Amino acid sequence: MENIYLYMIIALAILAVADLVVGVSNDAVNFLNSAIGSKAVSFRTLMIVASLGIAIGAIFSSGMMEIARKGIFNPEQFMFSEIMIIFMAVMITDILLLDFFNSMGLPTSTTVSIVFELLGASVAMTLIKISHESGNYADVIDYINTAKVSEIIFGILLSVVIAFSVGAIVQWFARLLLSYDFERKANWVGALFGGIALTSITYFIFLKGIGGTNLAKQSYDFTGGETIKEFLEHQAFYIVSLSFLLWTALSYAVIAFLKTNIYKLIILVGTFALALAFAGNDLVNFIGPSMGAFQAYSDFTNPAVNTLGLSASEFPMASLGEKASTPTFLLLGAGLIMVLTLWFSSKAKNVVKTSIDLSSQGETKERFQPNFLSRGFVRMAMGISYVTSYVLPKSWEEKIDKQFQAPVIKLAKDKVHELPSFDLVRAAVNLMVAAVLIAIATSYKLPLSTTYVTFMVAMGSSLADRAWGAESAVYRVAGVINVIGGWFFTAISAFFAAALVAYLLNLNVKVMFPILLLVAFGLLIKSSIAHSKKLKETKAEDRLNKTESSSVQGVIHESANNIANVIKRGNKIYTNAINGLALQDLSLLKKNKKQVRKLAEEVEELRDHIFYFIKNLDDSSVGASNFYINILGYLQDMTQSLEYISKVSHKHIHNNHKKLKFSQIKELKEVDERFERLFNNSRNAFESHSFEEIGIILGRKKEIITLVTDKIQKQVERTRTEESSPKNTTLYFSILLETKDLLVATMNLLEEYHLAHDSSVKPIPFPDRNKK
């Protein structure tokens, strides 16, 4: 039986590595979003600084497994076999839960997930023990560290509100004093801001980064017998005062004499600080349960400890209540894994993107849909804004608005994507406020999630900085609500999932251990494959691109690629709809609905971009806007027809209605084959930019329309004589009539393009779609 525990230790070591990977993918958002969003330095420089912070933090990490070993449950109440089940349940659940959130691109707290997994698994084992011993279920509190659990839950709720509020207040005052023209302010202004920000971050490094290490928990002669952590806490006023004077003087020298941007230095130091604290303190979240299990196994198999040779179900784990440290080589290995993950994890970039998108000052693709809560919050904020405008004097309001007026940045057409999501002041405020809040909470021994604090500070500063305007507020607030909801979902799902896994392992550990391990790795592999597939789809060549040209000729050529893509994908969608009906293939029709929905969303994105396209036009090329708007209108008509055909086909098969008759399928196949020739010829013309061929295609317009009209007439005759199924008749007419609309939209697009191409060669009045 003891061999199973050796296998569990090996499995836990593998799971610890996997947990490091998924954990870093999630927590990278904590220390990367400010620097990436502001584009303060090159991505390579940023990654080197963050990697250095992680490496140093991991090396000097205490490695203390306090939370995993005795922070949530009282280890002396459990036997070795039970402790192993708890730790195994926690690690399996933690990996799956964090990977799920990473795949969704949502930041969540590794601290909260590990705490509630430990709580869920230990509560499950406690209830099992009590039921076997016929005890009183009220005795659960003897097994669980309820005081610590309550403290952590309180910290979660408090951190969300305080971080958001303080981030908003500090950013509002910072923008009011510095404005967006901060680089032209007097040298002493930048030096003062630099002194405050760098002092905050330095104090954070001392208290949270170094204060949490094993070295800081030992006493030294120069500290008067106190530990370094106690010394730092007691001398906080002097440390902060001295740091402020030194950093302010250094900031002034950097600005006045070295002519260097002090805000970039703040962002780099802040990124290093948060990365250092992350590796030094959050490492326990990833390897804590595995190290706790390893120590438990070492004690159980050590004759000097297990002197009586007790079995796994008889050996108590009081030894886990004692202090223990992790070997340095393990910390080095963990640090290396975290650094490599930071550089190569695409999921880490996905999580960072969510935070940056929600705090972006400019236009981004909104990932979240509005809900009644976000609409309510926005209406409430607008009401407060109206009240404030009545209270404040007009002159004050104008001065404040001037300070918050963002500059218009003009870049070359091919450099638009290089615009930062927010400026250096907001990035510096994000790092400074997050560092101060985490440091203060640490000094008062309040548990605080770094993920919650950094994210909510960024959201609060975004609100105060007026990044959430009328165009985006309802989407951004919905995004924040989704992320916060996800945090509470983390806690609830972690508790119950870990409890369930612990229960299953307890049923028969020999059988359930390999089964659950295979399930966990299977789901991880499946998630990885799905993520890779999603990345490939995002990078697919046939994705529609926004037109950036400002001339008629440029718009014609850039739009040609989009039209070729729509025709290519539209052809496939139409054919799949007909084939799905012919074969009664529900899975094909369901997949087809997803594909046409994706195409429709991309066309809608292009329509949303019209405002910026028109703004970008030269005065001499305003006519290009008319052409571009018409083209997008026809593309939308095409996708709407394809959506309808795909929807009714899927609905018919999904509802198990009668199959179409052979003659009907044959006629639809004839239409599909004729459409395929039309679409292929059109696509080739647009891909090769052989626009003169469009005239030849248009010459066959009457022939194709006649074909569809004939099929409609045949169905009318069948309905009067032999057709007996109303559903079949409705479906067939719906497909043919929508096919006719699809054909009209396609031909209109071709005509628009044909005429526009002639107009760009021979200047004649530009066509207006509404006059056709």
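The legends below describe close-up views of side-chain contacts and surface in a predicted model. Local features need pLDDT of at least 70 and side-chain atom pairs count only at pLDDT 80 or more, whereas totals for chains, interfaces and linings use all residues. Residues are numbered from 1 along each chain as its sequence is written, and side-chain values use heavy atoms, with hydrogens and water left out.

View 1. Trp188, Leu192, Ile196, Tyr252, Phe257 and Leu258 make a nonpolar surface patch of about 680 Å² (patch residues have over 30% relative accessible area and no salt bridge, with like charges joined within 9 Å and nonpolar side chains, that is Val, Leu, Ile, Met, Phe, Trp and Tyr, within 5 Å; areas come from the Shrake-Rupley method with a 1.4 Å probe, only the protein chains shown counting as cover for residues). Helix α8 (residues 187-210) gives the most to this patch, with three residues (helices are DSSP runs of H or I of at least four residues, strands are runs of E of at least two, and both are numbered from the N terminus). Ile196 lies in helix α8 and is partly exposed, with a relative accessible area of 41% (buried means under 20%, exposed over 50%, and partly exposed in between, with a 1.4 Å probe and protein chains only).

**View 2. The salt bridge between Asp465 and Arg175.** The closest N and O atoms of Asp465 and Arg175 are 2.7 Å apart in this salt bridge (a side-chain nitrogen of Lys or Arg within 4 Å of a carboxyl oxygen of Asp or Glu). Asp465 lies in the loop between α17 (450-464) and α18 (473-507) and Arg175 in helix α7 (residues 146-178), so the pair ties together parts that are 290 residues apart in sequence. Both Asp465 and Arg175 are buried.

**View 3. The salt bridge between Glu670 and Lys711.** Glu670 and Lys711 form a salt bridge whose closest N and O atoms are 2.5 Å apart. Because Glu670 belongs to helix α24 (residues 662-687) and Lys711 to helix α26 (residues 701-721), the pair ties together parts that are 41 residues apart in sequence. Glu670 counts as partly exposed at 31% relative accessibility, while Lys711, at 5%, counts as buried.

**View 4. The salt bridge between Arg683 and Glu687.** In this salt bridge the closest N and O atoms of Arg683 and Glu687 are 3.7 Å apart. The two residues, Arg683 and Glu687, are four residues apart in helix α24 and thus separated by about one helical turn.
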